[in-house]
Amino acid sequence: MTTNRGQFGSRLGFIFAATGSAVGLGNIWGCPTQAASNGGAAFLLVYLVLAFALAYPVLMAELILGRHTHGNSVAALTGIANRGLTRTIGALTGLFGIVVASLILSFYAIVAGWMLGFTVSYPLNVLGMESAGNWLTEFSTSRNLSLMAIFMVMTVGIIMGGVKEGIERWSTRLMPTLIITLLLLVAYVLTLDGAMTGLKVYLIPDFSKILSSQLILSALGSAFFSLSLGVGTMLVYGSYIADREHLPSIGAQVALIDVGIAVLAGFLILPAMYVAAERGVDIFSASGALLSEDTLIFTVLPELFATLGTAGVVLATAFFFLMSVAALTSSISMLEVPVAFIVERFSWSRRTAALLMGAAIGCMSGLIILNFETLFGAVIALSTRYGQPLLGLLLCVFVGWVWQRNSLLAELEKNDPNVRHGLFWKIWPVYVRFVCPVIIAIIFYRSLA
Ligand code: TRP
């Protein structure tokens, strides 16, 4: 079964690919402002603890399961079940994950298309092509459709290349680019007037805010989205890891880098917002909270860039380029979920599977764009608020309860014969069996209420 499958060429290649999946729009547009509005460094601390206490165990469940079965998500979940009924539930769970991954990609590609549009619009404006530049940044069906299609073609192009020549190669190019661009942007923005105020708001801890259960639940939700959990992305990437690699430490590195980049993004976003405030841009909503998400990215920051002259053009281009790169290394990991399944289940060629799935998901995106008001928010809620936690729960149940302990242990012993005496084996299995399902169930219940 493992002969024709791709495999990551090196540990570093895997780390770039997995952090590429994890680091995406979520890190940059959600986490920093959430932190600033909710207790600053205190929130970051909670986020870090939660990422390790809850998201890391689920990440490990996906990676270990994927590596053990060396198969797509349906094959993996049916592979560890030995009874008819659990096999059927496993297959349905895997399929549900594939559908949710595709739905997430269908809205993600629209937003990523906007990032591409903004990246190109700044240089175009400098060249005097303002009407093209405006078309790229103003909301319209034709713009949304064209940019989404371009982004989808890029995603499909990389996935057609395969695990090593596509995913690994491009992640290894794009992730260092992303980190360097982010560091340069942070360094520059910190020199501007007002930046230090933003830094203070970001970092001065206010422990009174973090005790709210609502906040903890929402931090958990973002940790889940940020680590790309639930839908089988990490499971499929895990299935391409060589048996010699030590999964618990690789997983920890991925989680650390993901959280680290979210924290680093805060050193860009918060100072930039307060620089903008210094220049007369409104950075608070009517309710007094910091503006966040799409308003932050597409209104507040562009207003700031506009006040900075030539430097603003360079800064803006670099910033939206950064967002586009972050989106692309995430979108390829979403498309890989259905493609891996189709290639292995129906023996299609990777090219055909990538093209057809890309086209199908692109049609779904098109449908969302044509019915933007009704579908955009609904698809996001359906896939991330309901689909992801539910899948995370099922996954923990499978790894914690269905998968035989001995086989699980044998998988971990492949590269660490002493694993049974270590801390990971003492804590993690219990966690995945009891703690994770309960916490996820609570989050899920709360999001329904
Ligand atoms: N983690 C990415 C982000 O922060 C998005 C992402 C990639 C994702 N693959 C996923 C989210 C799978 C959920 C499921 O933007």
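Is arginine 5 buried or exposed? Here are some notes on that residue and a few others, in numbered points.

1. Before the details, a word on the basis: this is a predicted model, where local features need pLDDT of at least 70 and side-chain atom pairs count only at pLDDT 80 or more, while totals for chains, interfaces and linings use all residues. Residues are numbered from 1 along each chain as its sequence is written, and side-chain values use heavy atoms, with hydrogens and water left out.

2. Arginine 5 counts as buried because its relative accessibility is 12%; the cut-offs are under 20% relative accessible area for buried, over 50% for exposed, and partly exposed in between (1.4 Å probe, protein chains only). Its side chain meets that of glutamate 344 in a salt bridge, 2.8 Å from N to O. This pair links distant parts of the chain, 339 residues apart: arginine 5 lies in the segment before helix 1 (11–22), and glutamate 344 in helix 15 (residues 309–346). Helices here are DSSP runs (H or I, at least four residues), numbered from the N terminus, as are strands (E, at least two). Glutamate 344, at 30% relative accessibility, is partly exposed.

3. You will find 10 salt bridges in the structure, each defined as a side-chain nitrogen of Lys or Arg within 4 Å of a carboxyl oxygen of Asp or Glu. One of them joins the side chains of glutamate 411 and arginine 67 at 2.5 Å, N to O. Here too distant parts of the chain are linked, with glutamate 411 in helix 18 (residues 405–413) and arginine 67 in helix 4 (residues 41–69), 344 residues apart. Both glutamate 411 and arginine 67 are buried. They also belong to a salt-bridge network that links Arg67, Asp243, Glu411 and Lys414.

4. Another salt bridge pairs the side chains of glutamate 413 and arginine 420, at 3.1 Å from N to O. Glutamate 413 has a relative accessible area of 22% and is therefore partly exposed. Arginine 420 is partly exposed as well, at 44% relative accessibility.

5. Two backbone angles deserve a look. Most residues other than glycine have a negative phi. Histidine 70, however, has a positive phi near 45°; this residue sits in the loop between helix 4 and helix 5 (73–79). With a relative accessible area of 10%, histidine 70 is buried. Glutamate 293 also has a positive phi, near 50°, and is found in helix 14. At 43% relative accessibility, glutamate 293 counts as partly exposed.

6. Now for a helix pair: the axes of helix 13 (residues 247–278) and helix 14 (residues 293–306) come within 9 Å and cross at roughly 55°. The two helices are therefore oblique to each other, the term for angles that are not under 35 degrees (roughly parallel), over 145 (roughly antiparallel) or 65 to 115 (roughly perpendicular). The crossing of helix 13 past helix 14 is left-handed, meaning that the near helix is turned anticlockwise from the far one by less than a right angle.

7. Finally, the surface: Val397, Trp401, Val430 and Phe434 form a nonpolar patch with about 360 Å² of accessible area together. Helix 17 (372–402) and helix 19 (423–448) each give two or more residues to this patch. Patch members have over 30% relative accessible area and no salt bridge, and nonpolar side chains are joined within 5 Å. Valine 430 has its place in helix 19 and is partly exposed, at 43% relative accessibility.

Definitions and conventions: Patches are made of residues with over 30% relative accessible area and no salt bridge: like charges are joined within 9 Å, nonpolar side chains (Val, Leu, Ile, Met, Phe, Trp, Tyr) within 5 Å. Accessible areas come from the Shrake-Rupley method with a 1.4 Å probe; for residues, only the protein chains shown count as cover. Axes are lines fitted to C-alpha atoms, for helices over the stretch in contact, and angles run from 0 to 180 degrees between N-to-C directions.
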